[in-house]
Amino acid sequence: MNRQMFQWISQLVRDKPNQASSRPLSQMGQQVRTHYGCGYIGNNRLIFSAEDKRHLRRQVLAEVGRDPFTIEQLPSDRLEMAQYHPDEKLAAKPAGGDQLLLNSVDGIIRLNGEQIQLHPKSIRSAGLLCLNSSIETIQHQTIVVVENLAIMPLCHGWQMPCLDRQALWVYRGDHRSGAKAQACRDFVDRFGVDKTVIVFSDMDPKGLEIALTMPHVNYWLGPEQVAWSTCLQSPLANREGFNLQSAALAYLERLSEQEKLAEALNKLLISIKQERASFRQEHMFSRQVGLELFPLSFRP
């Protein structure tokens, strides 16, 4: 049994449960027929009678403790999967794949109807590492997705323009810190629909791509427009990594050609291409560059 087989069987037993069903003669279907000893081949198709489907349902329920008729997918979490099956790795998410790093401008995280004090004055912290799946509700009206881990502890002291003082900061994630990019994306997708979603990233093609592809995003936060030339021409501007962002640059150019970039971002893209440079979040902080919110809504 694996996740794919469970889903295949789930779809089969739900299909006209009191009648026979046929399926293409696939490798998965053959595996189900061999493993559970039911079904037959007719006219180059796999045929499962109503009794075959009831037999499959009983067998799978006994094997993994989940009824494929009422549940289409096996649990995603390994700890939950361990309650039903000796192989917890049948869960969709790898261990640690659900980790999310959160921080808050005022040092208080408001989740599941509770307020969690992070005590930012007593210890400098990047925030709270928690399980995305354990979050049921959030009581923040603003979500700020942050690209770089070094920026996460700075949310308490960095003065941001027009930014909600109770804004929730979410680290975008990487493959090293424990916080995962997919967990961040899932979190914003679940809770961002009725919130103000801001992406705070490097001023480079990849940072803009992150902003434009994040679910429910409203704004990109970056250097104010009057500072673009100064930043991109600065000795601190990064030029060595520009060529490594060719895929992100091509994505932005496609949006620009289709007239789908907001006016300000289109101007920024032109500036970045002219200077062939980028300006990182850490340098924005070190030089106390003024920041501005830029709407990401596409032009009609």
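## Terms and model

Helices are DSSP runs of at least four residues, numbered from the N terminus. The structure described here is a predicted model.

## Confidence

The chain has a mean pLDDT of 87, and 88% of its residues reach 70 or more. Confidence is highest in strand S8 (residues 142-146), with a mean of 97. The lowest mean, 53, belongs to helix H4 (residues 78-81).

Over residues 85-90, pLDDT stays under 50. For this stretch the model has 13 contacts beyond four places in sequence. Where pLDDT is low, the predicted coordinates should not be read in detail.

## Packing of helices H2 and H3

Two packed helices are described by the angle between their axes and the distance between the axes. For helix H2 (residues 27-36) and helix H3 (residues 50-64), the angle is about 80° and the axes are 11 Å apart. H2 is therefore roughly perpendicular to H3, because angles of 65 to 115 degrees are placed in that class.

On the side of H2, the contact is made by Val32, His35 and Tyr36. On the side of H3, the residues are His55, Leu56, Gln59, Val60 and Glu63. Sorted by class, the contact of H2 with H3 has 4 nonpolar, 3 polar and 1 charged residues.

## Aromatic pairs

The count of aromatic pairs comes to 7. In one of them, the rings of Trp158 and Phe200 have centres 5.4 Å apart and planes at 65°. This pair is edge-to-face, because planes over 60 degrees apart fall in that class. Trp158 lies in the loop between S8 and strand S9 (168-171), whereas Phe200 lies in strand S10 (residues 196-200). The pair therefore ties together parts that are 42 residues apart in sequence. Both Trp158 and Phe200 are buried.

Another pair is made by Phe187 and Phe191, with ring centres 5.2 Å apart and planes at 55°. The angle of 55° makes this pair tilted, because planes under 30 degrees apart count as stacked and those over 60 as edge-to-face. Both residues lie in helix H5 (residues 181-191), where Phe187 and Phe191 are 4 residues apart, about one turn of the helix.

Are Phe187 and Phe191 buried or exposed? Phe187 has a relative accessible area of 0% and is therefore buried. Phe191 has a relative accessible area of 11% and is also buried, because the class covers values under 20%.

Key. Residues are numbered from 1 along each chain as its sequence is written. This is a predicted model: local features need pLDDT of at least 70, side-chain atom pairs count only at pLDDT 80 or more; totals for chains, interfaces and linings use all residues. Side-chain values use heavy atoms; hydrogens and water are left out. pLDDT is the predictor's confidence in each residue, from 0 to 100. Helices (H or I, at least four residues) and strands (E, at least two) are DSSP runs, numbered from the N terminus. Contact means heavy atoms within 4.5 Å. Axes are lines fitted to C-alpha atoms, for helices over the stretch in contact, and angles run from 0 to 180 degrees between N-to-C directions. Angles under 35 degrees count as roughly parallel, over 145 as roughly antiparallel, 65 to 115 as roughly perpendicular and the rest as oblique. Ala, Val, Leu, Ile, Met, Phe, Trp, Tyr, Cys and Pro count as nonpolar, Asp, Glu, Lys and Arg as charged, and the others, Gly among them, as polar. Rings of Phe, Tyr and Trp (its six-membered ring) pair if their centres lie within 6.5 Å; planes under 30 degrees apart count as stacked, over 60 as edge-to-face and the rest as tilted. Buried means under 20% relative accessible area, exposed over 50%, partly exposed in between (1.4 Å probe, protein chains only).
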